[in-house]
Amino acid sequence: VTDELLQGVLPAEQTIESMQAANRLYMVNYNFLEGIIGTAPDHVWVVPIILLMVDDEQDTVPIAVQLQQQPSDKNPVFTPRDDPGCWQLVKWYCQSADGALHQSVSHLLCTHLIMETVFVAARRNLAERHPVHELLDAHFWFTVLIDTSARKTHMVPTGQLPILYPQGYEGMKQL
């Protein structure tokens, strides 16, 4: 990514270097998706690298996207200066990659499976009137029930989650 590529995207009088110095540029790299098994044998993952900018209104917006990890003529860097339909499609691909991470790791693993073990450990080891026990009890009232049901019906090779998500059952386990 060069200043020339981002001309008209960056604020006036700003360069990549000045934006970095002002801590207004961020990069998100989805390289962990490389090699993840998909639902179809010929499934090709989008493994984007996204450059984000904090604009003058303090919003974080994408300003450059490369959809695969290796730079090449067949893997260009897209910017908001590209055709609006193309730029929208590129952002949708990025959201798909982020959705794979979110559903398998952030939501399923961290929110449900890991926190269920914390809740069970707290229930077994803290007094019933302990403030942490009371706090967790209110927040995890149905978590164990939901997780148990999900393990039996959703998180199996032919369950709903592997069918709905592009990473499938094996890809979910890999992530």
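Q: What does arginine 151 count as, going by its relative accessibility?
A: At 36%, arginine 151 counts as partly exposed. Before we go on, note that this is a predicted model, where local features need pLDDT of at least 70, side-chain atom pairs count only at pLDDT 80 or more, and totals for chains, interfaces and linings use all residues. Residues are numbered from 1 along each chain as its sequence is written, and side-chain values use heavy atoms, with hydrogens and water left out.

Q: What is the mean pLDDT of the chain?
A: pLDDT is the predictor's confidence in each residue, from 0 to 100. The chain has a mean of 89, and 100% of its residues reach 70 or more.

Q: Which element has the lowest mean pLDDT, and which the highest?
A: Elements are DSSP runs numbered from the N terminus: helices (H or I, at least four residues) and strands (E, at least two). Helix α5, residues 160-164, has the lowest mean pLDDT at 76, while strand β3, residues 60-66, has the highest at 97.

Q: How many salt bridges does the structure hold?
A: Look for a side-chain nitrogen of Lys or Arg within 4 Å of a carboxyl oxygen of Asp or Glu. The structure holds 5 of these salt bridges. In one of them, arginine 151 meets glutamate 116, with 3.0 Å from N to O. Arginine 151 belongs to helix α4 (residues 143-153) and glutamate 116 to helix α2 (residues 84-125), so this pair ties together parts that are 35 residues apart in sequence.

Q: Is glutamate 116 buried or exposed?
A: Glutamate 116 is buried, with a relative accessible area of 10%.

Q: Which residue forms a salt bridge with aspartate 137?
A: Aspartate 137 pairs with arginine 123, and their closest N and O atoms are 3.1 Å apart. Because aspartate 137 lies in helix α3 (residues 131-139) and arginine 123 in helix α2, the pair ties together parts that are 14 residues apart in sequence. Aspartate 137 counts as buried at 19% relative accessibility, whereas arginine 123 is partly exposed at 46%.
There is also a salt bridge between the side chains of glutamate 134 and arginine 129, at 3.1 Å from N to O. Here glutamate 134 is partly exposed at 33%, and arginine 129 is exposed at 68%.

Q: In which sense do β2 and β3 pair?
A: Two strands pair if DSSP finds at least two bridges between them. β2 and β3 pair in the antiparallel sense over 6 bridges, and the bridge partner of leucine 52 in β3 is proline 62. Strand β1 (residues 25-29) also pairs with β2 in the antiparallel sense, over 5 bridges. There, methionine 27 stands opposite leucine 51 in β2. With 5 of its 6 residues buried, strand β2 (residues 49-54) is largely enclosed by the rest of the structure.

Q: How many residues lie between β2 and β3 in their hairpin?
A: The hairpin has 5 residues between its strands. Glutamine 58, in this loop, has a positive phi of about 70 degrees although it is not a glycine. Glutamine 58 is exposed, with a relative accessible area of 61%.
Asparagine 23 is another residue other than glycine with a positive phi, near 55 degrees. Asparagine 23 sits in the loop between α1 (16-21) and β1, and counts as exposed at 57% relative accessibility.

Q: Which residues of the largest nonpolar core touch the most other members?
A: A nonpolar core is a set of buried Ala, Val, Leu, Ile, Met, Phe, Trp, Tyr and Cys residues joined through side-chain atoms within 4.5 Å. The largest one has 16 residues, of which Leu33, Trp45, Ile50, Val65, Leu67 and Val90 touch the most other members. β2 and α2 each supply at least two residues of this core, and α2 gives the most, with 5 residues. A second, separate core has 10 residues, among them Leu6, Val9, Met19 and Leu25.

Technical notes
Buried means under 20% relative accessible area, exposed over 50%, partly exposed in between (1.4 Å probe, protein chains only).
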